[in-house]
Amino acid sequence: MGSKEEDRYLMLSGLQHFLFCKRQWALIHIEQQWEENALTVEGQHLHHKAHQALLREKRGNKLIVRGMPVRSHELQLTGVCDVVEFHLDPEGVELVGEEGRYKAYPIEYKRGRPKKGLEDVIQLVAQAICLEEMLACRIDKGYLYYEQIKHRVEVPITETLRETVQLMAKEMHHYFDKRYTPKVKTGPFCNNCSLKNICLPKLMNKRSVKSYIEGRLSE
Amino acid sequence: MRKLLNTLYVTQPDAYLSLDGDNIVLLKDQQALGRLPLHNLESIITFGYTGASPALMGYCAERNISITFLTASGRFLARVIGQSRGNVTLRKAQYRISDQERESALIARNFIIGKIYNHKWMLERMTRDYPLRVDVERFKSISHQLDEYLYEARSCENLETLRGLEGQAAWHYYQVFDDMILQQKESFTFHGRSRRPPRDHVNAMLSFAYILLTHDMAAALESVGLDAYVGFLHRDRPGRVSLALDMIEELRGIYADRFVLSLINRKEVTPNGFYQKENGAVLMTDETRKLFLKAWQAKKQEMITHPFLGEKIPWGLVPYVQALLLARYLRGDLDEYPPFLWK
């Protein structure tokens, strides 16, 4: 796999946008539009703390690594894991420069509390798939740490979730190759969208411009 | 909808603009004349040879605050804008269409339709509001004439023909422009457009209003990721914001002309506020320019319902919304570009 191919890789963090709204994902990742709001700034602040890449901790049987860049050739996605914990475990794999065998557990930091939707889970599963490819290992669970409850939630990496991630990645690449920004059904979730002012969700349910112009001209 | 932020107009030619923290500071002889937080501003327009510090320009460039330098009389000198928004896909669509005559015409005709339509309804509104002051029959007959140009423009797919239609429609509109001046007739009369330089009070104000509108439009286009210099109706010419000029066609009458007319008709400007150069050029005094800018800012705050979106927005956001609608058309979300058809 040459570097040219890797140019095609999409951002792993886009999965959560894509699950929230395909159009929002396209506006950010295809059209490169971005507007800050209070929520996005808060999120960045949190990740800044989690992403101190030079912080490497060893606590007993655990090795804690922050801001680890990952990618998957299979998904053609690339991103950064907030935290990866390696636990000493005879069933694990060997790591460069470390003694013993380790099992890897990705941990993603999120502001707020656990969500009803799958967006956080999906992102974590994709990170797990990346780590599996890069470490040639099997990852059976990961964790989501929520700032507001100051607690981590265990997430099993199931077959169903893996398949969902694969299908999503495929669809994202399909849109990206065509540079196509899909039109989507709008809903109350549009009010929480940081791109509302650029997306103009109202346009989705609008009558045609042709009828607007002709209606006005015939008045 | 996005929030309408303020424009800072600096009319003091010997002021120097500098940055202090998150504030802009106006200096004169090393003394601070004033200080404003920058987060409330979306653009800065300076008149005369006002200087600005590189630090301020950098700060503004990063935060999408445009700085425009105009001469004392309002002629464009330069603009400082930051890195263009990353939207390459949108810009490529814009360039591709701009290179194609027919596809350009399909967009350009809606600019022209917007322009003629809005002129027509300005005339209709005059006959409704002032039946005793204007020659209703004459206004109606020109309005009918404009209807015919509208009809022709609707199916026109050729830029030359479109420019011809626009020229004829404008000629008719200007026939009754002077009749829309209802007050101070002895000092404010309109004998046709004169530019470079404007040769009467009315033209001096029209030119100035178009400059402000063009600035607002260019800034709006850049902020949605479009290239203000690449147009569809106006062909590229180095240094000319062709797309901004295209886009203000539909707003000239309804936004700028009506603004100027109301300043005269409400007697907010008086003939004393102007002076004439030896060569016949008419200029506004500093006081008139300040009053003009203040009224322009006030106009931007007035709320309207956008005719296509059906959403309540301030007048000042109209350039931004039209820029956004054009971007959404170029990205395939809309079947045509929806002009601002105001009634």
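## A salt bridge between the chains

In this predicted model, the side chains of Asp333(B) and Arg23(A) meet in a salt bridge at 2.5 Å, N to O, where the term stands for a side-chain nitrogen of Lys or Arg within 4 Å of a carboxyl oxygen of Asp or Glu. The count between chain B and chain A is four salt bridges. Across this interface there are also 13 residue pairs in polar contact, both residues being at pLDDT 80 or more; such a contact is a pair of N or O atoms within 3.5 Å, of which, within protein, one must be able to donate a hydrogen and the other to accept it, while residues adjacent in sequence count only if both atoms are side-chain atoms.

By class, the side of chain B that touches chain A has 19 nonpolar, five polar and ten charged residues, with Gly counted as polar and Pro as nonpolar.

## Extent of the interface

In the interface, 34 residues of chain B are in contact (heavy atoms within 4.5 Å) with 30 residues of chain A. The two chains bury about 2,900 Å² between them, 51% of it on carbon and sulfur atoms, the buried area being the accessible area (1.4 Å probe) lost on putting two parts together, summed over both. Within chain B, Phe308(B), Arg328(B) and Asp333(B) lose the most area to chain A, together 21% of what that side buries.

## Nonpolar cores

The largest nonpolar core has 108 residues, and those with the most contacts inside it are Met205(B), Phe292(B) and Leu330(B); a core here is a set of buried Ala, Val, Leu, Ile, Met, Phe, Trp, Tyr and Cys residues joined through side-chain atoms within 4.5 Å. Helix α7 (residues 242-265) of chain B gives the most to this core, with 14 residues, a helix being a DSSP run (H or I) of at least four residues. Leaving aside residues up to four places away in sequence, Phe292(B) touches several residues, including Met205(B), Phe259(B) and Met284(B). Apart from this core lies another, of 41 residues, among them Phe86(A) and Tyr146(A).

Although not a glycine, Leu200(A) has a positive phi of about 50°, and Leu200(A) is buried, with a relative accessible area of 4% (buried means under 20%, exposed over 50%, partly exposed in between, with a 1.4 Å probe and protein chains only). Asn64(B), also not a glycine, has a positive phi of about 65° and is partly exposed, at 40% relative accessible area.

## Basis of the values

Residues are numbered from 1 along each chain as its sequence is written, and chains are lettered from A in the order in which they are written. Local features need pLDDT of at least 70, and side-chain atom pairs count only at pLDDT 80 or more, whereas totals for chains, interfaces and linings use all residues; side-chain values use heavy atoms, with hydrogens and water left out.

How values were computed:
Helices (H or I, at least four residues) and strands (E, at least two) are DSSP runs, numbered from the N terminus.
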